[in-house]
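Biologist: Before we discuss the labels on this model, please show me the sequence and the structure. I will then ask what each label rests on.

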Amino acid sequence: MPVGPSDRPVEVRCGRFFVRLGEPTRDGTRWLTEGRTVVIKCGALTEVSF
C-alpha cells in the first residue's frame, strides 16, 4: 500500500511493517530498494535509511 513520498514525514500506525521504496510507473511499481521489516515507534519519530 503506498503511503507517501520518501522525503516527507507521514503518519502511520505503530508496530512492525514491511517497508520498501518504489516509484509508480504506468505498469505498476518499480521497486528501488530491497524490503525489510521496520518497527514503527508509538508516538515518536521513526527514521529509516535504505
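**Labels and their grounds**

Modeller: From the N terminus on, the elements of the protein chain run β-β-β-β. The model is a predicted one. The chain has 4 strands and 0 helices, and its C-alpha trace spans about 35 × 20 × 15 Å along the principal axes.

Biologist: What makes Cys14 and Cys42 a disulfide?

Modeller: The S to S distance between Cys14 and Cys42 is 2.0 Å. A disulfide needs two cysteine sulfur atoms within 2.5 Å, so the pair qualifies. By this rule the count comes to 1 disulfide.

Biologist: Why is the disulfide of Cys14 and Cys42 called right-handed?

Modeller: The torsion about its S-S bond is about 80°, so the disulfide is right-handed.

Biologist: Which parts does the pair tie together?

Modeller: Cys14 is in the segment before strand 1 (15–19), and Cys42 is in the segment after strand 4 (36–40). The pair therefore ties together parts that are 28 residues apart in sequence.

Biologist: Why is Cys42 called exposed, and why is Cys14 called partly exposed?

Modeller: Exposed means over 50% relative accessible area, and Cys42 has 56%, so Cys42 counts as exposed. Cys14 has 36%, which lies between the 20% and 50% limits, so Cys14 is partly exposed.

Biologist: What share of the protein chain is buried?

Modeller: Buried residues make up 4% of the 50 residues; the label requires under 20% relative accessible area.

Biologist: How do you know that the charged end of Arg20 sits over the ring of Trp31?

Modeller: The charged end of Arg20 is 3.6 Å from the centre of the Trp31 ring. The distance limit is 6 Å, and the charge must also be within 35 degrees of the ring normal.

Biologist: Which residue lies over the face of Phe50?

Modeller: Arg36 does, at 4.6 Å from the ring centre; this value also falls within the 6 Å limit.

Biologist: How many aromatic pairs does the structure hold?

Modeller: The structure holds 0 aromatic pairs. A pair would need ring centres within 6.5 Å.

Biologist: What lines the largest pocket?

Modeller: The lining has 35 residues, with Val3, Gly4, Val10, Val12 and Val19 nearest the centre of the pocket. Strand 1, strand 2 (22–25), strand 3 (28–31) and strand 4 each give two or more residues to the lining. The lining residues divide into 21 nonpolar, 6 polar and 8 charged. The space in this pocket is about 1,400 Å³.

Definitions and conventions. Residues are numbered from 1 along each chain as its sequence is written. This is a predicted model: local features need pLDDT of at least 70, side-chain atom pairs count only at pLDDT 80 or more; totals for chains, interfaces and linings use all residues. Side-chain values use heavy atoms; hydrogens and water are left out. Buried means under 20% relative accessible area, exposed over 50%, partly exposed in between (1.4 Å probe, protein chains only). Rings of Phe, Tyr and Trp (its six-membered ring) pair if their centres lie within 6.5 Å; planes under 30 degrees apart count as stacked, over 60 as edge-to-face and the rest as tilted. On a 1 Å grid over the protein atoms alone, a cavity is a set of points where a 1.4 Å probe fits but cannot get out, and a pocket is an open set with protein on both sides within 12 Å along at least five of seven lines; lining residues have an atom within 4 Å of a point. Grid points are joined across faces, edges and corners, and a volume is the space filled by probe spheres set on the points. Ala, Val, Leu, Ile, Met, Phe, Trp, Tyr, Cys and Pro count as nonpolar, Asp, Glu, Lys and Arg as charged, and the others, Gly among them, as polar.
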